[in-house]
Amino acid sequence: MRFRGKNTFDGLKLGDFAEITRSLGQGEAPAPFSAVASGAIGAGDAAHHVAQSSWLTALVLEVIDAHLFGPGARLLEHRLDFERSWALAEPVTARVTLREKIAEPQEVVLDCICVDQAKHTLARGHARVVPPAQKSRSPAMAPSAPSHEVGARYRELIAAAKRLPPIRTAVVHPCDEASLVGALEAAAEGLIVPILVGPESKIRAAAETAGRCLDGVELVAAPHSHAAAERAAALTREGRVEALMKGALHTDELMAAALDPAMGLRTERRMSHVFAIDAPHYPKPLFITDAAINIYPDLETKRDIVQNAIDLARALMIDPPRVAILSAVETVTPKIPSTIDAAALCKMADRGQITGAVLDGPLAFDNAVSREAARAKGIVSAVAGDADILVAPDLEAANMLAKQLVYLADAGIAGLVLGARVPIMLTSRADGVLSRLASAALAQIFAHWRRRGGWHQAEMKVESH
């Protein structure tokens, strides 16, 4: 039995359970289990037991995350004690049962057990979870239990995006190996149909250096990076592309063309950047804004920054996203202007000037991402400790926060500029292929969401029938 419709605290009852059955086969075993499945690590080896124990733990966490609660749940504690080994080809069943409900705070205790087909116990343990505050759709970039596996959510995101048709994308000045290979890999994954814009000789030289073939790839000639940015913007104005991807040029060169009123990319909304962070120690996707475009945004600009981030989250089926407006403290203090802006943004959401999300602020960073920290300070909030989106006071704070997560917490980083007529992928020279693919997947999903008219129009169409 799956907890369909019973994933909130009030909907759960003692004895509810969920289970899945899997086998650790050689063809499907992920690292570090492939060495076990292939026989490189023998059954008597201690590493064999460690690998099997780790796989059982991952199996139990999958039941809790994907089959029990879904978006919004927070894993507080889990323990699984390994009892015996089993044959790799034999299916294993992981079962999680609700043992206890704790009314204050609203937490549940789960019994966890893994058995083989003969019902021999392989491992048993427990977990403590805070269920989501409300039922919600499963996001395209699905939350998963805290893990040290870097890039797992990006791979889930890319897999979800591959189910959609690729989008035509102008790749601006891809004259180095990293940017060109990133675009070609995104094309190979079925995320984009690239149009390479820039000096043809330099693009072909980069392809030769990378050992890549450009047969069948459209090239649009432009003499230099400034001209490439302008030509790419023109392709957007002409309706030939649905997204832009930054190549080997400075961000300000690309954004100058995007912001030029004559190019036709601007809308009534201010452009802003949203980082999609794959933080392995946070239990779900995390978005940080604005870290690249608006340096010291005023209140009106912050309204657009927040709405752009909400739109991206909803395109990924995180509905409704929880938005934490960050400051240094969690109380409104006239001496700290960002706390005043945070309070005003929350009131703007109350009045319908910001839509599609739950907002709270000001919140300090710890209160935004840690339920324990919020509880210790007596903060009662639907956002505190469970934020999907972090809105920083300014570009400096957002940029430092995102890069600290990358370099100190093993997080992955991808992102988009939104608020223009098409999404813009601002890849960095330091980005690896996976980050570039994740940015392309974000752009593809968002472009299709925009094409459908967004959540509001989609829901109106359903209601009209």
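Modeller: Happy to! Let's look at α6, where Ser225, Ala227, Ala228, Ala229, Ala232, Ala233, Ala234, Leu235 and Thr236 are buried (under 20% relative accessible area with a 1.4 Å probe, protein chains only). This is a predicted model, in which local features need pLDDT of at least 70 and side-chain atom pairs count only at pLDDT 80 or more, while totals for chains, interfaces and linings use all residues. Residues are numbered from 1 along each chain as its sequence is written, and side-chain values use heavy atoms, leaving out hydrogens and water.

Helices here are DSSP runs of H or I with at least four residues, strands are E runs of at least two, and both are numbered from the N terminus. With 13 residues, α6 reaches 18 Å from its first C-alpha to its last, close to the 18 Å expected (1.5 Å times one less than its number of residues). The cover over its buried residues includes β6 (167–172), β7 (192–198), β8 (218–221), β9 (243–246) and α7.

Helix α7 (residues 251–259) packs against α6 (residues 225–237) at an angle of about 35°, with the axes 9 Å apart; axes are lines fitted to C-alpha atoms over the stretch in contact, and angles run from 0 to 180 degrees between N-to-C directions. On the α6 side, Ser225, His226, Ala229, Glu230 and Ala233 meet Glu253, Leu254 and Ala257 of α7, contact being heavy atoms within 4.5 Å. Finally, just after α6, Gly239 takes a positive phi of about 80°.

Conventions. Buried < 20%, exposed > 50% of the residue type's maximum accessible area, 1.4 Å probe, protein only.
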